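I opened a new model today and worked through it from charges to fold to one residue. My entries follow.

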Amino acid sequence: MAGKILLEVVTPEKLLLSQEVDEVIAPGSEGEFGVLPGHCHLLSSLRIGELRYKTQDAWHYMSILWGYAEVTPSKVTVMAEIAEKAEDIDVGRAQQAVEKAEQRLQAGGLPSEVKEAQISLEKARLRKKIADRAKKAGHA
């Protein structure tokens with residue numbers, strides 16, 4: 001189907017993105033889902049994951065840390081607790097965060113501390129993956 005769909009990504013702090021795109025792939029809580037123009041209405045919770053969107057022949061990437069997505073035939077609104085564009089992520093800092101989270105996880109501790117370390121590691125690995133991808137694609 002030809003046409004565009006408006007993608008808006010909002011965090012509690014700001015409107016991070018408002019752009020006409022060709023396609024969106026989001027990290028739904030039950031698995032990834034894709035959206036093209038004309039998609040049916042959908043409301044989904046989001047997990048920690050990668051949001052991808054296509055403009056012309058280029059893919060762009062964002063990290064999403066929980067939230068919700070509302071889809072209509074002409075618009076995707078992502079309301080995320082935390083979201084970052086790939087080009088805004090510092091690869092070196094992301095690598096340091098991965099190493100620090102791995103050390104915290106190895107240290108163990110109470111079940112709540114281990115769970116927190118696992119989430120920190122998942123977030124850090126996601127940010128590094130997205131930053132690396134943007135760097136390779138020439139977006140950073």
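**Charges and surface**

I began with the charges: the protein carries 19 positive and 21 negative side chains. The centres of these two sets lie 4 Å apart. I kept in mind that this is a predicted model.

Next I looked up the surface. The protein exposes about 7900 Å². Carbon and sulfur atoms supply 49% of that area.

**Fold and dimensions**

I listed the secondary structure and found 2 helices and 8 strands. I then read the order along the sequence: β-β-β-β-β-β-β-β-α-α.

I took the extents of the C-alpha trace along its principal axes. They come to about 50 × 30 × 25 Å.

Does the radius of gyration agree or disagree with that of a compact globule? For 140 residues, such a globule would have a value near 14 Å. The protein has 16 Å, so I noted that it agrees.

**Packing**

I checked burial over the chain. Of the 140 residues, 41% are buried.

Residues 24 or more positions apart account for 53% of them.

I then turned to H60. H60 is in strand β7, which covers residues 58-72.

Is H60 buried or exposed? Its relative accessibility is 18%. The cut-off for buried is under 20%, so H60 counts as buried.

Which side chain does the side chain of H60 make a polar contact with? I found T55, with its side chain at 2.8 Å.

Technical notes:
Residues are numbered from 1 along each chain as its sequence is written. This is a predicted model: local features need pLDDT of at least 70, side-chain atom pairs count only at pLDDT 80 or more; totals for chains, interfaces and linings use all residues. Side-chain values use heavy atoms; hydrogens and water are left out. Helices (H or I, at least four residues) and strands (E, at least two) are DSSP runs, numbered from the N terminus. Buried means under 20% relative accessible area, exposed over 50%, partly exposed in between (1.4 Å probe, protein chains only). A polar contact is a pair of N or O atoms within 3.5 Å; within protein, one must be able to donate a hydrogen and the other to accept it, and residues adjacent in sequence count only if both atoms are side-chain atoms. The radius of gyration is taken over C-alpha atoms; the globule rule is 2.2 Å times the number of residues to the power 0.38. Contact means heavy atoms within 4.5 Å. Accessible areas come from the Shrake-Rupley method with a 1.4 Å probe; for residues, only the protein chains shown count as cover. Lys and Arg count as positive and Asp and Glu as negative; His and the chain ends are not counted. The place of a charge is taken as NZ of Lys, CZ of Arg, CG of Asp or CD of Glu.
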